[in-house]
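Hi there,

Here is the structure I promised to pass on. Have a look at it first, and then read on for my notes.

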Amino acid sequence: MSNIELALWSFPVLLFLIFIRIPIGLSMLLCGLAGAWVVYGSYVPILNQFKQVTYSTFSSYSLSVIPLFLLMGQFAALGGLSQALFKAAEAWIGHRKGGVAMAAVGACAGFGAICGSSLATAATMGQVALPELKRAGYAGGISTAALAAGGTLGILIPPSVVLVIYAILTEQNIAKLFLAAFVPGIMAAIGYMIVIAIYARVKPNEVGSMAPMPMKDRWIATAKVWPVMLIFIAVVGGIYSGLFTPTEGAAIGAFGTGLAAWFSGGLNRKTFLGAILGTAVATGMIFMIVLGAGVYNTFLALSQLPQEAAQIVGDAGLNPWVVLIGILVLYVILGCFMDSLSMILLTIPVFFPIVSVLDFGLPPEEFAIWFGILVLIVVEVGLITPPVGMNLFVINAMARDTPITQTYRAIMPFVASDFIRTAILVAFPGITLFVLRL
């Protein structure tokens with residue numbers, strides 16, 4: 001068996017290990033070590049390589065941004081910023097048909113601006129919005145579906161942990177990726193709100209509304225979200241302007257959300273320790289996946305599979321757009337079984353060299369940024385695609401009285417919205433890139 005055949009066979013083995021519920025990071029680590037052992041024919045080079053990969057992975061300065069963004073999300077939840085965002089959005093549009101669900105989506109977008117995790121956004125906003133949706137008379141399916149879809153904005157609205165990982169893997173500018181993600185993120189939020197508006201007209205008995213709020217109370221509710229705007233402008237604006245690095249921006253964001261939580265009374269010694277522990281657990285899980293992917297991708301590079309695949313596609317003369325669409329479809333399929341971070345770490349080292357040799361009429365840097373945003377969007381679709389969309393299970397775990405089948409049915413219009421948005425961004429790259437070109 002050649003090294004390339006060995007690498008190809010490693011994929012079904014990896015999926016089998018994931019299927020029998022071995023943690024994804026450990027599955028990739030085992031496949032990478034075993035594959036490299038077969039290639040070398042000895043375990044001695046493996047141990048040396050494992051030591052080098054482990055050190056180079058965990059000593060990366062760029063990865064330090066991840067725990068800081070996660071800590072920022074922990075502090076934001078403690079400071080009641082998620083509730084403030086929802087109340088402000090609800091104050092302005094909650095009285096409209098479907099308005100409370102729209103407010104939940106808008107609050108998810110706002111919370112995503114200070115939290116780089118989709119699952120954390122879905123879980124936090126679910127705790128805040130589900131009781132309000134139930135009180136307003138919403139059916140269980142549309143309530144859970146709207147929050148699951150809104151939760152995906154956590155990785156699309158910058159800052160985003162997944163975008164940071166993509167930037168590291170492809171050696172791209174994190175600030176430019178954050179800026180490029182902003183318009184597609186706003187498009188996603190608007191698309192979800194349009195879905196809710198259509199759903200409210202098609203099934204009005206499943207969607208409720210609340211009494212209009214006096215104008216004075218609306219402005220009072222809006223004034224309570226100023227910390228979110230201030231932190232977002234400081235972090236993203238400071239990073240893009242070059243005032244500080246992404247890691248420094250994340251540190252400033254964590255400090256700012258910590259202050260907001262302290263002033264609101266949500267941060268004390270007990271909750272601070274809980275936030276640190278939660279951040280450490282999430283960081284450890286992510287770093288284990290990063291390490292496993294690093295070892296596995298080292299094995300793939302050793303087998304020459306990415307280079308050979310790029311050469312084959314380049315020599316085959318395939319239409320670049322067909323190759324791109326095929327890769328995006330594969331991401332949607334993988335999203336039914338894997339989480340977003342694992343998909344990015346597993347596939348980008350293979351797919352990026354393939355698409356990089358194709359001609360899409362864009363400069364290399366612009367193409368890398370555009371491709372990264374497209375990948376982020378279809379990875380986000382995987383989070384809400386049945387049967388194993390992770391956001392669906394996170395929200396349904398909070399809504400015990402809503403069968404998962406109802407959520408599956410109600411989520412499909414949101415998935416359709418994502419497909420339409422993806423098609424638009426594929427057809428018109430300038431929508432993603434025009435902010436960078438200003």
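Which residue follows helix 4, and what is its phi? Helix 4 gives way to Gly80, and the phi of Gly80 is positive, near 75°. Please keep in mind throughout that this is a predicted model.

Helix 4 itself covers residues 65–78, which makes 14 residues. From first C-alpha to last it reaches 20 Å, close to the 20 Å expected at 1.5 Å a residue. Its buried residues are Val65, Ile66, Phe69, Leu70, Leu71, Met72, Gly73, Phe75 and Ala76.

Now for the overall picture. The chain is built with 22 helices and zero strands. Its radius of gyration comes to 22 Å, close to the 22 Å that the globule rule gives for 438 residues, so the chain is as compact as a globular protein of that length. Along the principal axes, the C-alpha atoms fill a box of roughly 75 × 50 × 45 Å. Of the 438 residues, 55% count as buried. If you take the contacts with a separation of 6 or more, 80% of them come from residues 24 or more positions apart.

In helix 22, which runs over residues 429–437, the buried residues are Pro429, Thr432, Leu433 and Val435. Looking down the axis of helix 22, these buried residues fall within an arc of 150°, so they line one face of the helix. They pack against helix 11 (174–202), helix 19 (364–382) and helix 21.

Helix 21 (residues 404–427) is also where you will find Thr422. Is Thr422 buried or exposed? Thr422 has a relative accessible area of 8%, and because the cut-off for buried is under 20%, Thr422 counts as buried. A polar atom of the Thr422 side chain lies 2.8 Å from the backbone oxygen of Asp418. Setting aside neighbours within four places in sequence, Thr422 is in contact with Leu328, Leu374, Ile377 and Val378.

Finally, a word on the cysteines. How many disulfides does the structure hold? The number is zero.

If you open the model in your viewer, Thr422 in helix 21 and the buried face of helix 22 are the places I would show you.

Best wishes

Note on methods. Residues numbered from 1 in each chain as written. Predicted model: local features only at pLDDT ≥ 70, side-chain atom pairs only at ≥ 80, totals over all residues. Heavy atoms only, no water. Helix = DSSP H or I, 4+ residues; strand = E, 2+ residues; numbered from the N terminus. Buried < 20%, exposed > 50% of the residue type's maximum accessible area, 1.4 Å probe, protein only. Polar contact = N/O pair within 3.5 Å; in protein donor to acceptor, adjacent residues only side chain to side chain. Contact = heavy atoms within 4.5 Å. Expected span 1.5 Å × (residues − 1). Disulfide = S-S within 2.5 Å. Arc of directions from axis to C-beta. Rg over C-alpha atoms; globule rule 2.2 N^0.38 Å.
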